[in-house]
Amino acid sequence: MADSSRIYTAALIVIGDEILSGRTHDKNIAQIASWLGVQNIRLVEARVVADVTEAIVEAVTALRARNDYVFTTGGIGPTHDDITVDAIAEALGVPVVVHPEAREILERHYETRGGVTEARLRMARVPEGATLIPNRYTGAPGIRYDNLFIMAGVPQITAGMLDALSGQLEGGAALLSETLGCWVAESAVADLLRETEKAHASCQIGSYPFWRDGKTGANFVIRSVDAEELAACTRALAAGLADMDKPVTMGGI
C-alpha cells in the first residue's frame, strides 16, 4: 500500500542529438510530469543528453541513486544510433539479450510488413532481467528494469506506454496547490513571498509573472502535501498582498 505521507520522486532522461540540436522539440517532459502527478509521484529533475554512451551511463547511474523512479525517452529504435539499451545495460552491469516475448511481438507485428529483419530485431533487445512495457502503436515494446522505465521518444508512443503503466507504480503524498493572481510586479512582493514561505515550512511558493494590456501582474502558486498548511499559507499570502493594497484573484489571472 502507498505511503500517504511519503513523497515519491522521479527523474527523466531525454536522450537524443535531435533534441539538443533543436531539430525536434521535446514534448515528453510535460506529459510525463503530468502523468506522474496523477500517480502521486513528483518529477524533480529532467536531463537532456546526447546519443553518447558515457553520457547516458552517467545520467542513469546518478539519477537512479537519488530517486524512486527514473524514466528515459528516445534511442530504442532499429537504427545504429539507437544506443539507449546498450548504454543502460552498461550502467546496470548486465548484458543485453533478445527478450523472447518482445521477439514474438515483433514477429507478429511485421508478419505482413516484410518480416523481422536484423534491424527490427534490435527493438527486442533488453538489459537482461527486464520486463516489457506494451506499445499498442508500433509493437516495439518499452522496457522496465526494477525502478527504471525505458520508453520511446515519439510522444504518442510514449503516451501509450504511460497509459499501460497507469496504476502500477507506488505513489505517495499528493502535491496540492492553490493559485493567487495579482496585478503587481514580482520585485514589489519578493520580500513578502520569501517571508510567507519561511513561515510555512511545508509549503513552496512559485511566482509566475505576465504582462497584459500594458500592465504587469503575477500568479503565485502555493504547493504543499499538507492541506491545512496549504490553506494557511494561501490565507497569509492573500492577507499580505491586501495589506499592500494589492487585491488578489483566487484561482489566478
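Helix axes are lines fitted to C-alpha atoms over the stretch in contact, and angles run from 0 to 180 degrees between N-to-C directions. The model toured here is predicted: local features need pLDDT of at least 70, side-chain atom pairs count only at pLDDT 80 or more, and totals for chains, interfaces and linings use all residues. Residues are numbered from 1 along each chain as its sequence is written, and side-chain values use heavy atoms, with hydrogens and water left out.

**First stop: α2 and α7**

Select residues 28–38, helix α2, together with α7; their axes come within 10 Å and cross at roughly 15 degrees. Helices (H or I, at least four residues) are DSSP runs numbered from the N terminus, as are strands (E, at least two). The angle makes α2 roughly parallel to α7, a term for angles under 35 degrees, whereas those over 145 count as roughly antiparallel. The crossing of α2 and α7 is right-handed, that is, the near helix is turned clockwise from the far one by less than a right angle.

Next, display the side chains. Asn28, Gln31, Ile32 and Trp35 of α2 meet Pro155, Thr158, Ala159, Leu162, Asp163 and Leu165 of α7; contact means heavy atoms within 4.5 Å. These contact residues comprise six nonpolar, three polar and one charged. Ala, Val, Leu, Ile, Met, Phe, Trp, Tyr, Cys and Pro count as nonpolar, Asp, Glu, Lys and Arg as charged, and the others, Gly among them, as polar.

**Second stop: α8 and α9**

Move to residues 186–199 (α8) and 227–243 (α9), which pack at about 155 degrees with their axes 10 Å apart. That angle makes α8 roughly antiparallel to α9. On the α8 side, select Val189, Leu192, Leu193 and Thr196; on the α9 side, Cys233, Ala236, Leu237, Gly240 and Leu241. This contact has seven nonpolar, two polar and no charged residues.

Now centre the view on Gly74, Gly75, Ala152, Gly153 and Val154, the closest to the pocket centre of its 26 lining residues. On a 1 Å grid over the protein atoms alone, a pocket is an open set of points with protein on both sides within 12 Å along at least five of seven lines, a cavity is a set where a 1.4 Å probe fits but cannot get out, and lining residues have an atom within 4 Å of a point. The largest pocket holds about 400 Å³ of space. Helix α7 returns here, giving the most to the lining with three residues.

**Last stop: the largest cavity**

Finally, select Gly75 again with other lining residues of the largest cavity, including Asp82, Arg122, Met123 and Ile143. About 60 Å³ lies inside this cavity, a volume being the space filled by probe spheres set on grid points joined across faces, edges and corners.

Definitions and conventions:
Angles under 35 degrees count as roughly parallel, over 145 as roughly antiparallel, 65 to 115 as roughly perpendicular and the rest as oblique.
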